Structure formats: structure tokens, C-alpha cells
Amino acid sequence: MKLSTIVAAALIANASAFTPTFTRTSPTTSQTTLNLFGGKKEGGGDKAPGMMDQLAMLKKAQEIATKKASLDKELATLDITGEAADGKVKCSVKYIPAQMPKSPEPYFDATGFDIDESYLESTSCDDLSAAVKAAYLDGETKCTEAVAEKYKVLQEDLGKYLGAMGGGAPAEE
């Protein structure tokens, strides 16, 4: 009987090893609650981005997206002409901005060709084909340069903004 009591007591003691233990932890504060409206004002140094900074970043991103959309509309109205064969073959090229999400890359569309009749009658098919290709490529190059020129303004704004945040190189002067 004593043996069964000792075995039962040992089994009960071992069974308690599998029961969950509840420990009380001290409450912690998160960075979100401390820096909800822009971080510490006094002392300055360890400022983490807060809610107000994020709203300002969102507003700036919307401004840049609006500027890009207006630049794309303006560029889409331009009709740029590429030339080849001493101006006897001309190609009109239009810039087609990215159509998110179905077409994420911008492209160029040849809207028309103008070929001098005397050149058309006097040239071979191979020379005409090469001139048409050269005119298109010239138009595409001119269109790319026009896009780059227009986007410089957007690039400068973005550079100033990123430079002010400390996240990018400052704009070139």
C-alpha cells in the first residue's frame, strides 16, 4: 500500500510537468505609439518616421504621379519626325506612355511615312527598306530624347525630395 501511494504521488508530480505555466510579463511600449505624430520633438536625434511624415510622403508621391501623368499626356500629343535618305524618307513617331498594368513599358508608334516619289521610283527595294527602317529609328531616337528632356523636371523634383529626406543623392546643380 505504501508503494502504491509513493507511485501515485510520483505520477502526479510528473504529470504537473506537462501543464502550462503562466508567467506575467511587463508591458512594453511600441515605437508606433511613441512616434505616432512625428517622433520626439525635444532632443531631436532619434527621430523615426511618424504618421505625419508618412502622410507628407504620400502627398508628395501623389504630386509626382500627377506631374508624370501630365507630362505623359503632353508627350503623347507630340508628333516627332525621323528622317533618312537625305530627308526623302520621313517617319512620324508618337510616344505611347505606359498603360498600367496591361502594358507597363512605354513604346513608340509609327503613325505615318512620307516617301519622296522621285526617290521611290529610283531606288531599289533593299535601299527603300533600309531607309524606312533608318527613318523610324531616327524618329524613335528623337522621341526618346524629347521624353528624357521632359522628364528632367520630374527627375529634379524627385532628387530634391529624396535629398531632403536623406534617402538619395541631392539634385545636381
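**Reading charges, helices and loops in a predicted model**

Mentor: Let's begin with Lys152, which counts as partly exposed at 43% relative accessibility. Keep in mind as we go that this is a predicted model.

Trainee: Why does Lys152 count as partly exposed?

Mentor: Partly exposed is the band between the two cut-offs, with buried under 20% relative accessible area and exposed over 50%. Lys152 is at 43%, so it goes into that middle band.

Trainee: Okay, zooming out. How many helices and strands does the protein chain have?

Mentor: There are five helices and three strands. Going along the sequence, you read them as α-α-α-β-β-β-α-α.

Trainee: And how much of the protein chain counts as buried?

Mentor: Of its 173 residues, 17% count as buried. The accessible surface of the chain comes to about 13,200 Å², and carbon and sulfur atoms hold 59% of that.

Trainee: What share of the contacts join residues at least 24 apart?

Mentor: First pick the contacts between residues at least 6 apart in sequence; of these, 46% join residues at least 24 apart.

Trainee: Back to Lys152, then. Which residue forms a salt bridge with Lys152?

Mentor: Here the rule to keep in mind is a side-chain nitrogen of Lys or Arg within 4 Å of a carboxyl oxygen of Asp or Glu. The partner of Lys152 is Glu149, with the closest N and O atoms 4.0 Å apart. Both residues lie in helix α5, three residues apart, or about one turn of the helix.

Trainee: How many salt bridges does the structure hold?

Mentor: Five. Another one joins the side chains of Lys142 and Asp138, at 3.5 Å from N to O. That pair is four residues apart in helix α5 (residues 125–165), so about one helical turn separates Lys142 from Asp138.

Trainee: Are Lys142 and Asp138 buried, partly exposed or exposed?

Mentor: Lys142 is partly exposed at 33% relative accessibility, and Asp138 is partly exposed too, with a relative accessible area of 25%.

Trainee: What about Asp72? Which residue does Asp72 form a salt bridge with?

Mentor: With Lys68, and the closest N and O atoms are 2.7 Å apart. Asp72 and Lys68 sit four residues apart in helix α3 (residues 51–77), so again you're looking at a separation of about one helical turn.

Trainee: Where is Asp114 placed?

Mentor: Asp114 lies in strand β3 (residues 107–115). It is partly exposed, and its 48% relative accessibility is why. Leaving out residues up to four places away in sequence, Asp114 touches Lys88, Val89 and Lys90. Asp114 and Val132 are 18 residues apart along the chain, with their C-alpha atoms 9.5 Å apart.

Trainee: And where is Glu117 placed?

Mentor: Glu117 belongs to helix α4 (residues 117–122). With a relative accessible area of 58%, Glu117 is exposed. Ser118 is found in helix α4 as well, and Ser118 is partly exposed at 46%.

Trainee: What about Asp86: what phi does it have?

Mentor: Asp86 has a positive phi of about 55 degrees and is not a glycine either. Asp86 is also found in the loop between β1 and β2. At 78% relative accessibility, Asp86 counts as exposed.

Key:
Residues are numbered from 1 along each chain as its sequence is written. This is a predicted model: local features need pLDDT of at least 70, side-chain atom pairs count only at pLDDT 80 or more; totals for chains, interfaces and linings use all residues. Side-chain values use heavy atoms; hydrogens and water are left out. Helices (H or I, at least four residues) and strands (E, at least two) are DSSP runs, numbered from the N terminus. Buried means under 20% relative accessible area, exposed over 50%, partly exposed in between (1.4 Å probe, protein chains only). Contact means heavy atoms within 4.5 Å. Accessible areas come from the Shrake-Rupley method with a 1.4 Å probe; for residues, only the protein chains shown count as cover.
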